[in-house]
Amino acid sequence: MEMQNYQGLVNFLIELVLATVFLIIIARRFNNVIMAVIIQGVLLGVLCIALGWATGNYEMYIAALLTLVVKAGIIPFVLNKAVHKVAINRAVESFLSLKLMFLFAFCLVFTSYLATGQVIGNGSGLIHEALPAAISMMLIGLFLMINLKFPIMQIVGLVVIENGIFLAGIGTTHGMPLVVELGIFMDILVGVLIMGVLVFQINRSFDTIDTKNLRNLRG
Amino acid sequence: MPLILLALPLVIALLSMMVSNRRLLGAISIVGSATTVLTALLIARQVFAGSSVVWGQFIVIDALSALILCLVAIIGLMVALYSVGYLAHDIRIGEFSESRVKWYYFWMYIFVFTMFLALVSANLGIMWVAVEGTTLATALLVGFYNKKNSLEAAWKYIIICTVGIIFALFGTLLLHYAAVSVTGESGSLDWQTLRQVAERLDPMLLKLAFIFALVGFGTKVGLAPMHTWLPDAHSQAPSPISAMLSGVLLNCAFYSIVRFHLVVSESLGPQFSSNLILIFGVVSIAVALPFILIQHDIKRLLAYSSIEHMGIIAVAVGFGSKLALYGAFLHMINHALTKSSLFFIAGNVSQHYHTKRILRIKGLLKTMPVTGPALMIGGLAIAGAPPFSIFTSEFIILSSGFAQGRYAVTSLILILITLIFTGFVYAISKMALGTPPTRVKVGEDGKFGNALILISLVPVVVFGVYIPGFIEDILQQVTTVFIGGNQ
């Protein structure tokens, strides 16, 4: 099992990816948020390369390339454009205070490590950090979407959730079949683009981009 | 053949991009949709003659997919026909400029393409990609009017549905993880293979996968409590698009749940997944009730009724007996046809009265000699009054529930849909009867759209008293998919 030699490295990389989520939480400026998203994308790309190297699975290199281009390149670029257009010089606003958010995120990480241990026992051929880290990312992504006020941050939350699922995919089974993986990349890319377009349009119609204005439709 | 079916909407979408003349666009879309219907019917004929259509390892069309495929194609054609007059009216009163019409058609046919892809795909992963694609294709259509409310609806739609459906991706991943050691990389998400090897998969993982898939795709179906995007999107989208969202998109999403259900019930027995679907169905019907009773907006009324009817279909699939499944898919056909024509009617009404508020719409029978009576018929039909088609399928579903001895659940549903009936008929009669406001002129806006509404109501009336032999046969074949036949 050549894999064993790389376990340490891979697990370390996964922990770094999880750490970037906390970078997003503490960032108070949009530029820093986008920087954290880029770092997360790059780390995921490196993780793919490491796994490809360890397992000799050439599909991982394709996944790495796509990750770097889409998640560390195009998506941050679109986000950056949207920020410059609608929210430049604005601080990230949240409903909870920073301390509470941090505490909450820690609880989420703790819960997911606890829960996944019960669902999938050790030694099932998977990298043991991947699944709990992935579920933490999904939960924290959801938490970010609820707690942060700008639509752009909801897009960031979505990207974090998707990165979490991607991490779960490569960590547990070296990714889904390539066609499916390609389709998912396309969906997330087109999705972020369309959300970007909507952010522009909302900003134009409402003269602001605060989600509290989006509360007309009820009942 | 299946490749032609997939290529047609893409070709129409690309052609639409290159044309900016409104009339030419309408012609392309109608001719294209008609060809699509023809292709879909040819495929369906082959499938219902007894052999699944298979292409390579990516496309499998069985009776279940073929039925919904035909629904998508037929309602797509009706929407294409209705859109011409609807868009012309909106351009005339300056809702949007003529140059944007091509985007309407572009996204509409991308939407049709993604639905087809979800239905024909043999791979559950690609099915997920396609269902997420439907959200992306329709987001800008929901916000097409570019007003505050429609943009709000579009934003809620894309965010709620994407987050919801991302759970289904996680469910798909768990299924892949459970299967990959048994089937190998290539067959791990192929639903035919999965059904064959289902007994050898880890039941714990399958349970988790199904829960995630149900919540994820259930968001798209509009099952409560994940339904909150649905009334907003349906009420703010242009009416032909609402017809398509309600008439067929919900069915496509439901189809995805059924595919997971079939795999999981093969391994865990029918109880686990059926009961979950049943619970979500009952909750959906219950949640729709208060909103239908107090509704003030005609299109939201129809949207909540869609939640109710998807709930009824879910309940029927949850019951799972042969009779219930027969009722479920008959109900799916009936609901798709009735609801899409009701959205056409709502489109006519709101364009004529310049409002969607039920309180400000009065005396339809007097002002609109075709749309008014059509609203009465369609409204009574969707509420479940005899002798219309929806009554028949609801009756079949409820009687199958009683036949299984599930008295409590079935009675609860019976009470709920009776209450919904009263609320719906009350709202409809408020609009149809009374004296029309003086500002509204008497007469219909377009003959073409009216003819279409009348045509689409024909099966609604006919299926209530007589179900043609070929429909009977199709439904029988669809129910055999559930017991593992038709492979």
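**Entry 1: B:Met78**

In which helix of chain B does B:Met78 lie? I looked this up in the model, which is a predicted one. I found B:Met78 in helix H3, which spans residues 63-92 of chain B. Its relative accessible area is 10%, and I recorded B:Met78 as buried because the cut-off for that class is under 20%. I then listed the contacts of B:Met78, leaving aside residues up to four places away in sequence. The residues touched are B:Ser340, B:Phe344, B:Leu452 and B:Ser456. I also checked the C-alpha atoms of B:Met78 and B:Asp445, which are separated by 18 Å. These two residues are 367 residues apart along the chain.

**Entry 2: Salt bridges**

I counted eight salt bridges over all chains. I examined several of them in turn.

The side chains of B:Glu152 and B:Lys156 form one of these, at 3.5 Å from N to O. I placed both residues in helix H6 of chain B (residues 148-183), where they are four residues apart, about one turn of the helix. B:Glu152 is buried, with 0% relative accessibility.

Another salt bridge joins B:Arg300 and B:Asp232, at 3.0 Å from N to O. This pair links distant parts of the chain, as B:Arg300 is in helix H12 (residues 298-319) and B:Asp232 is in helix H9 (residues 229-236), 68 residues apart. I noted that B:Arg300 is buried at 3% relative accessible area, and that B:Asp232 is buried at 2%.

I next looked at B:Glu266 and B:Arg195, whose side chains meet in a salt bridge of 3.4 Å, N to O. B:Glu266 lies in helix H10 (residues 239-268) and B:Arg195 in helix H7 (residues 191-197) of chain B, so the pair ties together parts that are 71 residues apart in sequence. B:Glu266 is partly exposed, at 33% relative accessible area, whereas B:Arg195 is buried at 9%.

**Entry 3: Chain A against chain B**

How many residues of chain A are in contact with chain B? I found 47 residues of chain A in contact with 45 residues of chain B. The area buried between the two chains is about 4000 Å², and carbon and sulfur atoms give 77% of that area. Between chain A and chain B I counted zero salt bridges and one residue pair in polar contact, with both residues at pLDDT 80 or more. On the side of chain A that touches chain B, helices H5 (130-147), H6 (151-173) and H7 (178-206) of chain A each supply at least two residues. H7(A) gives the largest share, 17 residues. By class, I recorded 28 nonpolar, 13 polar and six charged residues on that side of chain A.

Technical notes
Residues are numbered from 1 along each chain as its sequence is written. Chains are lettered from A and ligands numbered from 1 in the order in which they are written. This is a predicted model: local features need pLDDT of at least 70, side-chain atom pairs count only at pLDDT 80 or more; totals for chains, interfaces and linings use all residues. Side-chain values use heavy atoms; hydrogens and water are left out. Contact means heavy atoms within 4.5 Å. Buried area is the accessible area (1.4 Å probe) that two parts lose on being put together, summed over both. A salt bridge is a side-chain nitrogen of Lys or Arg within 4 Å of a carboxyl oxygen of Asp or Glu. A polar contact is a pair of N or O atoms within 3.5 Å; within protein, one must be able to donate a hydrogen and the other to accept it, and residues adjacent in sequence count only if both atoms are side-chain atoms. Ala, Val, Leu, Ile, Met, Phe, Trp, Tyr, Cys and Pro count as nonpolar, Asp, Glu, Lys and Arg as charged, and the others, Gly among them, as polar. Buried means under 20% relative accessible area, exposed over 50%, partly exposed in between (1.4 Å probe, protein chains only).
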